[in-house]
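Let's take a walk through a structure together, one piece at a time. Have the view ready and follow along as we go.

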Amino acid sequence: MSIPVRKFDAVIVGAGGAGLRAAIQLSEAGLKTAVLSKVFPTRSHTVAAQGGVSASLGNSEQDHWHWHMYDTVKGSDWLGDQDAIEFMCKKAPEVVVELEHFGMPFDRTDEGKIYQRPFGGHMSNFGEKPVRRACAAADRTGHAMLHALYQRNVRANTQFFVEWMALDLIRDEDGQVLGVIALEMETGEVVAFHAKSTIFATGGAGRIFYSSTNAFINTGDGLGMAARAGIQLEDMEFWQFHPTGVAGAGVLITEGVRGEGGILRNSAGERFMERYAPNAKDLASRDVVSRAMVTEINEGRGCGPNKDFVLLDITHLDPATIMKRLPGIREISIQFAGIDPIKAPIPVVPTCHYQMGGIPTNYKGQVVNEAGEHVTGFYAAGECACASVHGANRLGTNSLLDLLVFGKSSGDSVIEDMASMPKEHKPLPAGFADKTLARLSRLENQTNGTSVNDTRLAMQRTMQNHCGVFRFKDKLEEGVQKILEIEQQVAKTEIKDKSKVWNTARVEALELDNLIEVAKATMICANARKESRGAHVRDDAPDTPEMPNGRNDAEWHKHTMWSRDGNKLSYKPVNMKPLTVETVALKTRSY
Amino acid sequence: MDHDALNRLQWRCTRRALLELDLILGKFLVEDFPKLNDAQAEVFAVLADMEDHDLWPMVNGTEVCEDAQQAEIIAMLRKSEVRRPQ
């Protein structure tokens with residue numbers, strides 16, 4: 001069976017910050033560029049980013065990209081590739097100033113320069129003292145950024161395909177990527193986008209967890225497509241968790257609540273952080289607070305009928321203070337927990353926030369294979385990609401920087417690589433759409449199958465319980481078996497709505513096909529890594545004098561590479577050679 | 001509202017930029033939307049098409065909605081409690 005084919009120089013999947021930044025490069029270079037997005041571009045999850053974007057502009061005090069690089073390597077717990085980290089931090093001032101010229105309404109100093117504020121983990125002079133490096137537009141940085149990038153794309157005549165879902169990569173027998181197959185939701189039509197270059201900028205996959213701050217759109221579509229096409233996924237065991245998501249809903253309760261005096265309590269009403277961090281208490285780092293919360297829950301001191309959350313208490317604060325300083329948080333608690341925090345404490349759990357791993361790329365945004373060679377025609381940027389700049393944990397404000405730098409560099413690489421490509425499109429291989437159409441047909445004709453919602457929920461609970469912020473050997477081993485069983489259920493999902501037009505049930509089933517690939521990769525990689533590093537913390541790899549923080553560099557200072565075929569794992573060395581400066585040598589990560 | 005229009009609205013209510021609105025609009029669509037009259041349903045569709053950073057402050061109560069018809073629907077959204085079982 002044949003499907004319609006549309007030809008473009010380049011196709012970009014995803015219209016968040018990375019996709020829009022890449023599209024500007026391509027469209028302004030005169031390439032015929034298609035951007036596919038499940039939603040209108042300014043509805044992408046980049047909008048949710050509040051904190052800012054880091055760049056060593058030095059507008060408020062002395063700063064240097066080399067200091068930023070040091071902080072990022074340290075934040076990554078030395079798992080980040082130092083060539084990519086140098087590239088990103090060095091490019092940061094340039095991409096931020098460019099964004100300013102695109103119309104980004106950054107906050108200003110009295111002199112009219114971009115205002116910069118301090119942010120956790122960003123220091124001056126190689127870790128000496130905090131530095132003001134984060135550039136923001138009030139608490140709407142991501143939103144303002146997306147609007148500036150979208151407007152620039154409108155000017156450049158980028159062609160958007162809105163409410164289209166990409167289903168699969170097209171690869172030929174040489175492994176070259178020749179575009180994607182996509183579904184238009186409004187018509188139900190399946191179309192091939194035949195392109196000389198394909199950039200994935202599909203964002204994260206935080207919806208694999210039950211408790212996630214990620215919007216529903218973050219279903220790891222790019223990772224699922226890449227995995228099905230035989231591309232490895234890198235460092236998928238590393239996920240950043242935020243300590244205080246509203247239990248059940250995942251909605252974020254900002255750290256500012258603890259800053260205003262909020263106290264975490266267990267079922268006995270005890271302020272348990274006094275035991276874990278006697279000095280910082282409730283204001284200890286995210287990792288420390290999250291682990292303490294999980295320990296309380298695991299040792300039976302959780303709250304509620306299932307003893308599966310702890311409480312964030314602000315009832316001791318003056319109601320006037322809460323109304324004045326935390327009005328939005330009070331509303332969130334009422335809406336998502338059914339609790340007025342003036343009268344009762346808020347139920348909270350550590351909640352998945354950001355994916356550090358992803359589709360392996362070099363610092364140019366080119367996707368690389370097992371041998372480290374560029375997969376011709378394929379590029380990735382943003383949260384779906386792993387350059388790797390975040391390594392085992394991400395510094396705040398480096399996510400928006402990542403998508404600007406690598407969105408741009410992937411676009412530049414496409415332009416450079418296409419200069420040496422033949423002018424004509426390489427022909428699509430015979431039967432290029434067969435597997436995709438078979439997948440759609442299976443879904444269409446499935447009887448006595450499984451429910452998409454129930455299966456997704458089973459996957460999310462399994463990930464949360466077996467592979468959460470604090471990990472245990474037995475739970476991980478059991479989790480691998482469970483997630484492989486759930487994979488079998490995903491293969492039998494059934495939808496009742498068989499209509500062609502606007503069939504959201506079909507789209508949700510297809511999203512689940514992507515989520516399960518990410519869930520498998522995460523569980524299997526986490527089970528295999530027998531150390532603690534960054535955001536991957538295991539109970540059986542504790543902090544000891546021989547191995548501070550449970551990190552085992554001798555055996556585990558390497559990237560995990562997962563292949564869908566047989567769930568095979570391999571490892572590759574961390575790139576410790578920056579582009580121009582000296583290596584940031586391994587040492588214990590402490591703040 | 002026919003199948004196609006309702007499904008399109010469902011997509012736009014549950015694939016937002018912000019999780020908060022995914023949760024609130026998604027639940028409202030299932031539980032409250034069927035009870036709205038045609039005029040109210042139209043107003044809801046307009047709200048669902050708004051940018052998240054315009055809609056969320058009104059639903060969260062940190063900004064006031066100036067439009068009377070929209071304010072009526074916003075008030076309904078604000079009453080909605082969204083909880084999932086643990």
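Start with chain B: for its 86 residues a compact globule would have a radius of gyration near 12 Å, and chain B agrees with that, at 12 Å. (That radius is taken over C-alpha atoms, and the globule rule is 2.2 Å times the number of residues to the power 0.38.) Before going further, keep in mind that this is a predicted model, where local features need pLDDT of at least 70, side-chain atom pairs count only at pLDDT 80 or more, and totals for chains, interfaces and linings use all residues. Residues are numbered from 1 along each chain as its sequence is written, while chains are lettered from A and ligands numbered from 1 in the order in which they are written.

What is chain B built from? It has 5 helices and 0 strands, running α-α-α-α-α from the N terminus on. Helices here are DSSP runs of H or I with at least four residues, strands are runs of E with at least two, and both are numbered from the N terminus. The C-alpha trace of chain B spans about 35 × 35 × 20 Å along its principal axes. Of its 86 residues, 37% count as buried, meaning that 20 or more other C-beta atoms lie within 10 Å of a residue's own; 12 or fewer makes a residue exposed, anything in between partly exposed, and the C-beta atoms are placed from the backbone. Now take the contacts in chain B between residues at least 6 apart in sequence: 55% of them join residues at least 24 apart. A contact means that the C-beta atoms of two residues, placed from the backbone, lie within 7 Å.

Next, look at where the two chains meet. Chain A brings 37 residues to the contact and chain B brings 29. On the chain A side, helix 10 (residues 327-337) gives the most, with 6 residues. That side has 16 nonpolar, 16 polar and 5 charged residues. (Nonpolar covers Ala, Val, Leu, Ile, Met, Phe, Trp, Tyr, Cys and Pro; charged covers Asp, Glu, Lys and Arg; the others, Gly among them, are polar.)

Staying in chain A, find helix 13 (residues 452-466) and helix 14, whose axes come within 10 Å and cross at roughly 170°. So helix 13 of chain A is roughly antiparallel to helix 14 of chain A. Axes are lines fitted to C-alpha atoms, over the stretch in contact for helices, with angles from 0 to 180 degrees between N-to-C directions; under 35 degrees is roughly parallel, over 145 roughly antiparallel, 65 to 115 roughly perpendicular and the rest oblique. The residues of this helix contact divide into 6 nonpolar, 5 polar and 3 charged.

In the loop between these two helices sits F470(A), which is buried because it has 20 C-beta neighbours inside 10 Å. Beyond its neighbours within four places in sequence, F470(A) is in contact with R291(A), V294(A), T295(A), V537(A) and D539(A).

Most residues other than glycine have a negative phi, and most peptide bonds are trans. W502(A), though, has a positive phi near 45°; this buried residue has 23 C-beta neighbours inside 10 Å and lies in the loop between helix 14 (473-490) and helix 15 (504-528) of chain A. N567(A) also has a positive phi, about 50°, but is partly exposed, with 15 other C-beta atoms within 10 Å. And the peptide bond from A387(A) to S388(A) is cis, with omega near -5°.
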